[in-house]
Amino acid sequence: MKLNTACPTHPTTPDTLATLRPKPATVVALYPGSFDPITNGHLDLIQRGSALFDRLIVAILRNDEKRPLFDLEERIEMLREVARDLPNVEVGSFGGLLVDYAAESGASVILRGIRAVSDYEYELQMALMNRRLRPEIETVFLMAGEAHSFISSRLVKEVIRLGGSIGGLVPPSIEVRLKRRLLEETGPE
Ligand code: PNS
């Protein structure tokens, strides 16, 4: 492989160079996920992403096959509610390929969080596939805050269904909605 040796400590292959674009004046990042529902781990990433990028679009995957607890409109409403104090954060939804939605939205960055080593393999696979599909879009990973590294939407739903406390794991307004939804599902005792 022929290396570009202009910088001896940081050689760059011609392939990499070909995909590099000048930094856009406004850096738009997309933070995709299912958000069923949003947790404090997601919120932490949204807050940190909003401080790093000019605009952050939180993008909810439209996928009814997963049979979400909250439908798309509810998830959009919940995300808008918890991110209302962050003026550069928007909420959108997408079906199809994530990188196509990123390109349509003018995003040059996909933002994802990594909680533990176990997330790494799946995230690496997705990042490399997305790079292959659209090399001009970079995936940027942020490490989850240590207080959030064990939180997932799936576990939050399991704990609340089994009667455990989820205080501090999701924003208070989401806890209220979760309790209400489970009452609707099971009916009053
Ligand atoms: O919250 P999740 O379930 O971890 O989010 C996964 C998500 C939405 C990021 C991922 O499923 C996704 O990007 N889906 C869109 C389909 C796609 O683009 N697939 C090909 C690239 S891996």
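Start by selecting the ligand and its surroundings: 13 residues surround it, the closest being Ser34, Lys66, Leu98, Arg112 and Asn130 (a residue counts as near if one of its heavy atoms lies within 4 Å). This is a predicted model, in which local features need pLDDT of at least 70 and side-chain atom pairs count only at pLDDT 80 or more, while totals for chains, interfaces and linings use all residues. Residues are numbered from 1 along each chain as its sequence is written, and side-chain values use heavy atoms, with hydrogens and water left out.

Next, show Ser34, where a polar side-chain atom lies 3.0 Å from an oxygen atom of the ligand. Move on to Leu98: here a polar backbone atom is 2.9 Å from a ligand oxygen. Then pick Arg112, which has a side-chain N or O atom 3.0 Å from an oxygen atom of the ligand.

Now colour the shell around the ligand by residue type: seven nonpolar, four polar and two charged (Ala, Val, Leu, Ile, Met, Phe, Trp, Tyr, Cys and Pro count as nonpolar, Asp, Glu, Lys and Arg as charged, and the others, Gly among them, as polar). Which element gives the largest share of this shell? Select α5, which supplies three residues (helices are DSSP runs of H or I, at least four residues, and strands are runs of E, at least two, numbered from the N terminus).

For the next stop, select Arg55 and Glu90, whose side chains form a salt bridge at 2.7 Å, N to O (a side-chain nitrogen of Lys or Arg within 4 Å of a carboxyl oxygen of Asp or Glu). Arg55 is in strand β2 (residues 55–61) and Glu90 in strand β3 (residues 89–94), so the pair ties together parts 35 residues apart in sequence. The whole structure has 14 salt bridges.

Finish in the loop between β1 and α2 (40–52), where you will find Pro37. The peptide bond from Asp36 to Pro37 is cis, with omega near 0°. Phe35 is found in the loop between β1 and α2 too, and its phi is positive, near 50°. Most residues other than glycine have a negative phi, and most peptide bonds are trans.

Conventions: Polar contact = N/O pair within 3.5 Å; in protein donor to acceptor, adjacent residues only side chain to side chain.
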